[in-house]
Number of protein chains: 2
Amino acid sequence: MDGPARQRSLWQHNLAVVLDEVRAATPTSRARISQHTGLTRATVSALVDALVRARLVDEVGPAPRGGAGRPATGLVLSPSGPAGLGLEINVDYLAAAVVDLTGQVRHLEVRQVDQRGRAPAEVLADVADLAAGARRVAGLPLAGARLAVPGLVDAPGLVRLAPNLGWRDLDVLGPLTAAPDWPDLPVGIDNEANLAALGELATAGRERSFLYVSGEVGVGAGIVLDGALLRGTHGWSGEIGHVTVAADGPVCRCGARGCLEQYAGQEAILRAAGVPAGEALPADLAVRRLAELAGADDPAAIGALSAAGRALGIVAAGVLNVLDLDAVVLGGSFAPLAGWLTGHVEREVAGRVLTAAWSPVCVRACSLGTRAAVVGAAGAVVREVLAAPSAWIDGG
Amino acid sequence: MDGPARQRSLWQHNLAVVLDEVRAATPTSRARISQHTGLTRATVSALVDALVRARLVDEVGPAPRGGAGRPATGLVLSPSGPAGLGLEINVDYLAAAVVDLTGQVRHLEVRQVDQRGRAPAEVLADVADLAAGARRVAGLPLAGARLAVPGLVDAPGLVRLAPNLGWRDLDVLGPLTAAPDWPDLPVGIDNEANLAALGELATAGRERSFLYVSGEVGVGAGIVLDGALLRGTHGWSGEIGHVTVAADGPVCRCGARGCLEQYAGQEAILRAAGVPAGEALPADLAVRRLAELAGADDPAAIGALSAAGRALGIVAAGVLNVLDLDAVVLGGSFAPLAGWLTGHVEREVAGRVLTAAWSPVCVRACSLGTRAAVVGAAGAVVREVLAAPSAWIDGG
């Protein structure tokens with residue numbers, strides 16, 4: 001690197017360091033940042049000024065004193081700064097969320113639409129429309145968008161396989177960004193359970209290693225080990241819905257027999273509980289109906305949830321034996337049903353995980369409820385801004 | 001850091017950099033190392049001299065020319081330099097191996113002894129004796145030892161649980177290093193499948209992400225993702241022997257039902273094949289007998305190996321769906337039986353792994369055969385010397 005390039009890279013690095021100081025200890029002050037980072041007061045001031053100009057940081061009333069001298073100005077992440085747009089395509093709904101720099105959800109819209117049988121272009125036009133609406137309503141500058149899909153994702157922007165959408169080797173980002181309503185934004189794509197797991201990691205912050213299981217029509221998982229998402233060799237990890245529960249069980253959409261999805265997928269549970277779904281009743285209402293029936297001790301509902309919980313517990317126990325994680329987090333439609341699932345999962349885990357005696361595994365519902373994936377997607381964009389603010393300052 | 005401390009740390013770092021240059025491109029020369037690393041010729045020469053004095057590097061005949069000037073002296077890792085001692089306790093054998101700096105196995109001893117019913121102190125005295133013998137026979141300076149055990153290991157030196165040895169919360173390193181025969185060496189302890197997987201990674205170097213499955217009396221696994229071992233939160237990953245194959249299957253030693261070990265553990269296979277084992281026939285001979293029977297198309301042997309291969313394939317498919325790895329490597333007693341197992345594992349993996357169509361999974365026997373764990377253990381010590389040669393130079 002020549003002199004100017006090196007200086008520029010140092011400036012970018014220090015911008016991120018200072019922004020992280022503000023994030024970690026809100027409100028903080030220039031003086032305290034200088035103490036923590038070893039950067040001179042003058043350098044910190046120049047960096048803070050740039051962050052304030054870019055609306056990443058707000059100056060508020062006096063902060064706790066950072067030593068001798070004048071009362072310091074408090075510094076906080078700006079709630080009117082660049083926000084992240086999360087988008088989600090799922091089998092029976094579409095969603096958009098805007099999360100601001102401080103992590104607050106500023107906008108959330110969910111449309112119940114069954115994607116099965118629809119042309120992908122039609123679905124993506126709806127997503128573009130949701131994105132445009134979110135930008136309008138949120139009234140915040142958007143740094144970028146992330147799209148969550150229930151399937152295997154390949155760079156750049158390709159959905160390799162989303163069995164429950166019927167998508168295979170489909171370019172998603174091309175048609176999305178070409179849609180007339182699409183707001184001109186950089187956009188990435190990721191698996192919904194991965195994004196939900198990242199959202200859970202950022203929001204709940206309880207465990208650093210957990211299995212996030214997302215129950216929708218399909219069942220997906222995001223695996224967090226030591227605070228990092230395990231993506232696998234190709235980014236295709238987490239296909240827990242196709243782990244075998246019973247080698248000779250019912251045939252799955254994927255062609256194999258006895259996959260978890262056939263026991264704990266939303267449709268399998270509703271069918272076993274005798275709750276009509278699909279055309280007859282939108283999925284979110286069907287899940288609510290199932291919870292009501294279970295709450296009223298309906299034997300079919302209780303039986304269906306017990307069978308699902310047991311299957312889920314058997315598969316989760318296998319993952320825990322292999323990966324040694326601290327918790328199982330139930331997300332998607334498992335979240336509102338967690339009251340009837342958790343006990344069964346706990347029982348299988350306690351009985352089947354070799355190390356359960358030394359280190360009990362926590363089984364719990366996710367903190368973000370059914371909207372974990374879309375909120376996690378928006379949060380992923382925000383984390384990128386926080387990690388590399390110069391990209392926003394230069395481009396925004 | 002003050003000046004001298006910082007210089008010392010820089011020296012240590014550069015020693016490792018230079019040693020890694022020698023490892024990566026044998027033979028190399030001082031001139032070429034200087035070109036690659038950007039260190040001055042004088043600095044490289046001082047570092048190389050220190051490495052030669054410590055017997056980590058040997059000077060050999062002229063190396064390929066590194067530019068203009070005199071013919072350069074070739075530099076190679078020294079086969080007479082500090083070596084690693086691997087030790088292994090398994091249910092039906094004990095083993096020791098010495099691996100030199102260049103990765104060659106210089107000594108290997110395996111004793112068929114059934115540990116069941118023996119007092120741990122007696123077993124550890126035998127291990128100390130094996131270690132003393134290895135040191136004597138190998139005639140190399142030993143940098144340290146690593147002990148492989150078939151169970152859950154906790155720092156410092158504790159075996160939490162080795163169900164097939166009947167060990168629970170047992171201090172292993174204390175009694176081992178107190179044994180009269182123990183050669184005075186730093187020693188660490190790790191799970192056998194983890195060490196075998198690391199050995200496979202270093203030796204074969206084909207895949208960067210694989211599931212190593214070790215078949216002994218128990219069935220363990222080491223998981224390598226992107227070239228690194230996944231140890232889990234507590235270092236207890238890889239307990240694949242207790243992943244459920246059939247929820248209501250036979251009761252396992254661990255108390256759960258239908259664990260993989262009940263289908264693919266050595267004893268389960270031998271029993272199903274009608275081969276006597278234990279008192280009647282040492283396990284290695286029993287496995288050889290089984291292979292002979294299978295080679296002669298004995299229906300019971302073929303049936304037992306098919307059932308084991310199928311169970312192994314179902315569980316491996318689950319791990320691949322969850323973790324997205326490139327290969328399944330069959331180790332331990334699965335290695336000599338791989339000819340009869342591989343096809344069944346491949347079939348289950350092809351039928352059950354969602355992404356198998358895009359990225360076929362390689363199923364193969366491990367390259368180190370049944371001795372992967374003890375050789376991997378010795379290699380782990382060597383890798384530590386290569387990564388931090390100053391520790392050896394200062395202490396050796």
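Accessible areas here come from the Shrake-Rupley method with a 1.4 Å probe, and for residues only the protein chains shown count as cover. By that method, chain A has an accessible surface of about 15,100 Å², and carbon and sulfur atoms own 52% of it.

Some ground rules before going further. This is a predicted model, in which local features need pLDDT of at least 70 and side-chain atom pairs count only at pLDDT 80 or more, while totals for chains, interfaces and linings use all residues. Residues are numbered from 1 along each chain as its sequence is written, chains are lettered from A and ligands numbered from 1 in the order in which they are written, and side-chain values use heavy atoms, with hydrogens and water left out.

Let's start with chain A as a whole. Its secondary structure comes to 13 helices and 15 strands, where helices (H or I, at least four residues) and strands (E, at least two) are DSSP runs numbered from the N terminus. The radius of gyration of chain A is 23 Å, close to the 21 Å that the globule rule gives for 396 residues, so chain A is as compact as a globular protein of that length. That radius is taken over C-alpha atoms, and the globule rule is 2.2 Å times the number of residues to the power 0.38. Along the principal axes, the C-alpha atoms of chain A fill a box of roughly 70 × 55 × 45 Å.

What about the inside? Of the 396 residues of chain A, 57% count as buried; buried means under 20% relative accessible area, exposed means over 50%, and partly exposed is in between (1.4 Å probe, protein chains only). If you look at contacts in chain A with a separation of 6 or more, 62% of them come from residues 24 or more positions apart, with contact meaning heavy atoms within 4.5 Å. As for charge, chain A has 33 positive and 40 negative side chains, and the centres of the two sets lie 6 Å apart. In that tally Lys and Arg count as positive and Asp and Glu as negative, with His and the chain ends not counted; each charge is placed at NZ of Lys, CZ of Arg, CG of Asp or CD of Glu.

You'll find Glu88(A) in strand S3 (residues 83-89) of chain A, and at 0% relative accessibility it counts as buried. Setting aside residues up to four places away in sequence, Glu88(A) touches Tyr93(A), Leu94(A), Ala95(A), Leu147(A), Ala148(A), Glu192(A), Ala373(A) and Val374(A).

Now bring in chain B. The contact takes 44 residues from chain A and 46 residues from chain B. About 3,900 Å² is buried between the two chains, and carbon and sulfur atoms give 62% of that; buried area is the accessible area (1.4 Å probe) that two parts lose on being put together, summed over both. On the chain B side, Val322(B), Leu354(B) and Trp358(B) lose the most area to chain A, together 19% of what that side buries.

His242(B) has partners in both chains: leaving out residues up to four places away in sequence, it touches Asn321(A), Arg352(A) and Leu354(A) as well as Cys252(B), Cys254(B), Cys259(B) and Glu261(B). His242(B) sits in the loop between strand S13 (228-229) and H7 of chain B, and with a relative accessible area of 3% it is buried.

Helix H7 (residues 261-264) of chain B holds Tyr263(B), which is partly exposed at a relative accessible area of 23%. Beyond its neighbours within four places in sequence, its contacts include Val245(B), Pro250(B), Ile269(B), Ala308(B) and Ala311(B).

Helix H10 of chain B contains Gly313(B), which is buried with a relative accessible area of 0%. Leaving aside neighbours within four places in sequence, Gly313(B) is in contact with Val345(B), Glu348(B) and Val349(B). Gly318(B) is also in helix H10, and it is buried too, with a relative accessible area of 9%.

Finally, a look at backbone angles. Most residues other than glycine have a negative phi. Arg55(A), though not a glycine, has a positive phi of about 65°. Arg55(A) lies in the loop between helix H3 (41-53) and strand S1 (57-62) of chain A and is partly exposed, with a relative accessible area of 44%. In chain B, Asp297(B) has a positive phi near 60°. Its place is the loop between helix H9 (283-295) and helix H10 (299-323), and at 59% relative accessibility Asp297(B) counts as exposed.
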